[in-house]
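The following account leads the reader through a helix packing and then through the pockets of the model.

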Amino acid sequence: MTVVVSVNCKPFERREGGIPLKARERLRISVPWDFPLDRPTVNFTHDRYGAFAHVQWGSSICLHQAPDVEWQATRGMFGFMQRLGEWLEAGAAGELDPVGMPLHPPVAYPVANFRVVPTQNAPEPTETYWSGYVEIPREASHAAELGRWIEQSEEVPDIRLASVILLPTTMPFEYPTTVWDLIVALMERGVSLTMIRLLMTIGVLRTGEGKCAIFVLGAAMRGVSGGRLLQHLACWRMDVAQTDKLRAAAIARTDDNPIDEQVFYAWAFEAKVEWCRVLEDRPEIVERRDSVSPAAYWRGKSVTLMGCGAIGSAVAMMLAKAGVAKLRLYDNNVVTPGVLVRQGFDRRQIAYTKSSATKVNVEAAVPGINVIEAHADVAQALTDEVRSAGADSHRHRA
């Protein structure tokens with residue numbers, strides 16, 4: 001059922017930065033067939049407030065930021081209308097993001113079935129903007145991981161890179177859907193067209209044939225209201241055909257034939273932005289789920305593990321994921337076909353020593369961890385020489 005209501009907004013105090021509500025606002029409420037198990041949705045009947053946070057698609061009111069826990073079915077339509085009144089009052093007063101509460105992030109609607117995973121804290125932009133690149137150390141057909149940030153003034157390494165622009169200012173609450181509109185938005189924030197084209201060109205040159213070029217856009221729109229603003233990262237990609245085309249044009253360019261500029265502008269005026277979903281893994285953004293659990297004890301520790309079989313190989317993985325700084329592995333057996341049914345190895349690791357196979361598995365799960373393995377009997381490992389190696393803890397499995 002859809003109902004259009006006219007709400008009296010005169011009693012709501014209006015403050016600078018708030019939504020400039022009219023004396024009366026017409027709202028369209030859509031009630032789902034399975035109400036109250038599912039919540040109603042509500043829209044303005046116009047798109048005048050589309051630039052404000054908590055208003056999506058130009059008119060949709062974001063009444064619940066976490067619907068799974070905020071929607072109370074037992075309160076029914078009475079609770080819904082009360083929440084709507086509170087939202088309008090807070091919107092007029094500019095208090096939809098009260099001090100001390102998380103900011104509502106901007107929206108870049110994903111259209112690509114592709115995920116980007118930032119793993120390192122983003123650089124702080126200057127008064128204008130930060131431009132450069134970010135390393136892509138690992139990628140698959142469905143995802144890419146972002147690693148080290150490289151400033152534009154540094155020597156650009158000949159590795160797989162994504163081009164980056166980080167802004168000290170905000171972007172529109174709803175990000176542009178076309179490439180040219182995105183370029184215009186960046187130019188309005190002080191990024192020159194020449195710089196945009198240069199960064200994108202180097203990005204495609206550092207992208208191998210048959211792969212999509214990836215681009216990263218940051219804006220100071222993440223954090224807690226009233227606190228320090230961090231970079232909100234949005235990522236988009238250029239399809240394989242256009243990446244290959246722009247790369248070929250950049251290579252073929254001459255002073256007499258700037259074909260790369262022609263290809264770039266022909267594409268930019270017509271293309272849609274293929275936004276990707278971002279799965280955050282930056283330390284400044286993500287709170288570890290085990291941060292207040294007993295597992296936090298192991299973070300930064302140096303641990304020696306005696307035995308890498310059914311229990312030891314599993315414990316090694318748990319220790320690595322808990323954040324140990326150094327892990328020493330000892331076992332004198334090898335992986336045989338018979339142990340695959342109950343131990344954490346696969347057929348490709350048959351004939352590996354168990355300590356080396358465990359090391360491979362741990363390093364694959366936690367890249368960068370310091371792992372030392374030895375094909376040695378645990379009784380021999382329990383000598384004074386091994387005990388003096390500096391481990392914070394020894395765990396023995398008989």
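Contact here means heavy atoms within 4.5 Å. In this predicted model, Thr201, Val204 and Leu205 of helix H4 meet Thr243, Leu246, Arg247, Ala250 and Ile251 of helix H5 on that criterion. By class, the residues of this contact comprise five nonpolar, two polar and one charged.

Two packed helices are described by the angle between their axes and the distance between the axes. For H4, which spans residues 193-205, and H5, which spans residues 240-252, the packing angle is about 105° and the axes lie 9 Å apart. H4 is therefore roughly perpendicular to H5, since angles of 65 to 115 degrees are counted in that class.

The largest pocket has a volume of about 790 Å³. Its lining consists of 17 residues, of which Thr119, Asp281, Arg288, Lys321 and Val366 are the closest to the centre. Helix H7 (310-322) and helix H8 (354-365) are the elements that contribute two or more residues to this lining. In composition, the lining of the largest pocket has seven nonpolar, two polar and eight charged residues.

The second largest pocket has a volume of about 440 Å³. It is lined by 22 residues, and those closest to its centre are Phe52, Ala53, His54, Asp97 and Leu103. The lining of the second largest pocket divides into 12 nonpolar, eight polar and two charged residues.

Definitions and conventions:
Residues are numbered from 1 along each chain as its sequence is written. This is a predicted model: local features need pLDDT of at least 70, side-chain atom pairs count only at pLDDT 80 or more; totals for chains, interfaces and linings use all residues. Side-chain values use heavy atoms; hydrogens and water are left out. Axes are lines fitted to C-alpha atoms, for helices over the stretch in contact, and angles run from 0 to 180 degrees between N-to-C directions. Helices (H or I, at least four residues) and strands (E, at least two) are DSSP runs, numbered from the N terminus. Angles under 35 degrees count as roughly parallel, over 145 as roughly antiparallel, 65 to 115 as roughly perpendicular and the rest as oblique. Ala, Val, Leu, Ile, Met, Phe, Trp, Tyr, Cys and Pro count as nonpolar, Asp, Glu, Lys and Arg as charged, and the others, Gly among them, as polar. On a 1 Å grid over the protein atoms alone, a cavity is a set of points where a 1.4 Å probe fits but cannot get out, and a pocket is an open set with protein on both sides within 12 Å along at least five of seven lines; lining residues have an atom within 4 Å of a point. Grid points are joined across faces, edges and corners, and a volume is the space filled by probe spheres set on the points.
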